[in-house]
Amino acid sequence: MFKCKNLLGLQDLSAEEITFLLDTAIPMKDIISRPIKKVPTLRGKTVVNLFYENSTRTRSSFELAAKYLSADSVNISSSSSSVAKGESLYDTARTIQSLGADVIILRHPMAGSPRLLARTVDAAVINAGDGAHEHPSQALLDLFTVRERLGRLAGLKVVIVGDVLHSRVARSDIWGFTRMGAEVVVCGPPTLIPPGIDRMGVRVFHRLEEALPGADVIIMLRIQKERQQQGLFPSLREYAVLYGLNRRRLALARSGALVLHPGPMNRGVEISADIADGTSSVIEEQVTNGVAVRMALLYLLAGGGDRHENDY
Amino acid sequence: MKMIIRGGRVLDPVSKRDEIADLYIQNGLVALPFEADSSTQIIDAAGRLVAPGFIDMHVHLREPGFEAKETIATGTAAAVRGGFTGVACMPNTNPVADNAAIIEFIKNKALEAGRCGVYPVGAITRGSQGKEMAELAGMRESGAVAFSDDGQPVKDAWMMRLAMQYCKMLGAVIISHCEEKSLVAGGVMHEGYYSTILGLKGIPAAAEEIMVSRDIILAAETGCPVHIAHISTAGSVALVREAKKRGISVTAEVTPHHFSLTDGAVADYSTNAKVNPPLRGEADLQAVLAGLADGTIDVIATDHAPHTYDEKNVEFDLAPFGMVGLETAVGLVWSELVHKGILTPLQAVAKLSFNPASILGLNRGMLTEGAAADITIIDPDLEETVDPAKFAGKGRNTPFTGRKLKGMPVMTIVAGEIKYQRSQKSGVRSRESEVRSQNEGTV
């Protein structure tokens, strides 16, 4: 059963709640595989996409999820709104509340912003990525994809590779996979591994060759070019040599291991093209499943969940 | 004007006096015993602690320039409510207190407010920009008790060395805000497990410790006394302990929040727990407690830093650093240090009165005959839940809301006049009120 008002992160979700969310996404995936991809479930509900950061993938995924459920959706981005005129998040939130939003989906460059928003409004708040904190819907779609492909989550070995320091996807994946009973290993240069991360219940490696053996799932993180300019590693070339996933390294993992990437990819840097397009890659499925998972979230948080409860 | 404080436990750190006794006050000074007459004010202090007036050597009164956050009038009202008879105010106002005229302005405003002693700290460098020395001698002449660029480190070691050489001549202490900016690099909280799970940029302990090391080395070389402001890490405590062993003229203060909270207080992105230096880890907190107990840390000071509600009601990264402290400090000292046996009442009193007075060269912090009758009376058993709505200061930015404190200041006497008296549920005393001097008139 899912009784949370908001989805701010996976840190505080139980295994039961995560399972319930993933189960709810199964019929949603069925809806988007139909020729007529629309159900009236959220007719009359209003969903606001409030994006303070550029995002094509996540924003369109949420937007389509809302449309497939017949909710009305509005996009507000920081460049085209009063945000650009210096309005505070608090005041923007109050305005959106007054416009009648039922769900607000927030993408923000600063960690913790969704909590500030949730404290300010009555509408349900979904965190669509806040700084280096969490990106729960991405982790849920990763969990969904892995569970669908491998049939389980408990007991799997999941290796997360790359810029863990700046990655909200990594944090949400760590909470989600460990909560579901998987073993999580992170791997990257010491300058991109945050302090104290072992206390999240993960093991840390700096050599990919040591991290990969026995892996069932490999999640490659995007490396941003500006991190090199900040001096966090010497060059993209050296990064690719040490941490790029290629055929030789993939062979170290368990046979049938899945390769995930939250996108957008830097082909030839963190992942070679033949792996990205190869049979182990589930990167495109992740995108499809993302819509299903987000439909489930909207359904459960926009009031659909009440009816759902009554149905039982 | 005569006053007798009857039957309290008199604590005087200088004479090490700790006994139940009456304290006599006449003409604003501690006096020899005299016979009470009809004009003598009698204060029953049975069960209370009677201490030299507390001095908070690190506050931000925000005036001039940031009067929406605090003024000298409201800040000193907070001080007397918190049991402080004097405060040293930092120069990061607007304009910066880097010249004699602003030092005079602050002193005049404090006289107008008429509540407690205000001891201005002058800036070390013009505009606290770290580029050229401010007119230190002129400020000293006008009453600056110490020099600091608090809020900012003096980044350049050469500049700091010059300032220390110059201050040595003036006999003034330098209060150093220790922060190596290249390691802070946009950090907003302590670097550790919590910064990792919150996705917030961390400030490593090394950022403080590198500067503490540098300033200890410069203090040793120049002979200028250096006071380390708001010490927060285990490494800094060890450095100060070692320096004192070597006879270097270095002292240190810790804030109540650094001895009672860890970085876990930031876990819900509470901007009221955003402070610089940041709330540190458990090992740091334990080291700070050990440093208090063994005397490495000389002073408890609040770093009282009021901000408006709107300034703090923003994204964590955007919120200003700082929390108010004047009205919760004494309660935290008694709850966390005295009742837990880390400090004796006499040691706690020393760190709140005589030690800061002596570092600042003030003739305060003692109860010997002839001393100024600045007195703080504490009820060590009085319990109170922190409620910012009751604060006398403007700032409500405290992480201690709802925290139960035991041991509260109940009366604040400045130069023989009662400036504040706390209401008590059990007592028959007057309602909580601020008592103003008669010659001040109404405001």
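Which residues line the largest cavity? The exercises below work through this and other points.

This is a predicted model, in which local features need pLDDT of at least 70, side-chain atom pairs count only at pLDDT 80 or more, and totals for chains, interfaces and linings use all residues. Residues are numbered from 1 along each chain as its sequence is written, chains are lettered from A in the order in which they are written, and side-chain values use heavy atoms, without hydrogens and water.

**Exercise 1. Describe the largest cavity and its lining.**

Step 1. A cavity is a set of points, on a 1 Å grid over the protein atoms alone, where a 1.4 Å probe fits but cannot get out; lining residues have an atom within 4 Å of a point. A volume is the space filled by probe spheres set on the points, which are joined across faces, edges and corners.

Step 2. Count and size. There are 9 cavities of 30 Å³ or more. The largest has a volume of about 90 Å³.

Step 3. Name the lining. It consists of Arg57(A), Ser61(A), Gln138(A), Leu141(A), His261(A), Pro262(A), Ile283(A), Gln286(A), Val287(A) and Arg294(A).

Step 4. Assign elements. Helices (H or I, at least four residues) and strands (E, at least two) are DSSP runs, numbered from the N terminus. Helix H2 (57-68), helix H5 (136-150) and helix H12 (283-301) of chain A each give two or more residues to this lining. H12(A) gives the largest share, 4 residues.

**Exercise 2. Describe the contact between chain A and chain B.**

Step 1. Count residues. With contact meaning heavy atoms within 4.5 Å, 22 residues of chain A touch 17 residues of chain B.

Step 2. Give the area. Buried area is the accessible area (1.4 Å probe) that two parts lose on being put together, summed over both. Here it is about 1,600 Å², and carbon and sulfur atoms give 59% of that.

Step 3. Check salt bridges (a side-chain nitrogen of Lys or Arg within 4 Å of a carboxyl oxygen of Asp or Glu). The count between chain A and chain B is 0.

**Exercise 3. Trace the pairing of strand E5 (residues 49-52) of chain B.**

Step 1. Two strands pair if DSSP finds at least two bridges between them.

Step 2. Strand E1 (residues 2-12) of chain B runs parallel to E5(B), joined by 2 bridges. Val10(B) stands opposite Val50(B).

Step 3. Strand E16 (residues 375-385) of chain B pairs with E5(B) in the antiparallel sense, over 4 bridges. Val50(B) stands opposite Ile377(B) here.

Conventions. On a 1 Å grid over the protein atoms alone, a cavity is a set of points where a 1.4 Å probe fits but cannot get out, and a pocket is an open set with protein on both sides within 12 Å along at least five of seven lines; lining residues have an atom within 4 Å of a point.
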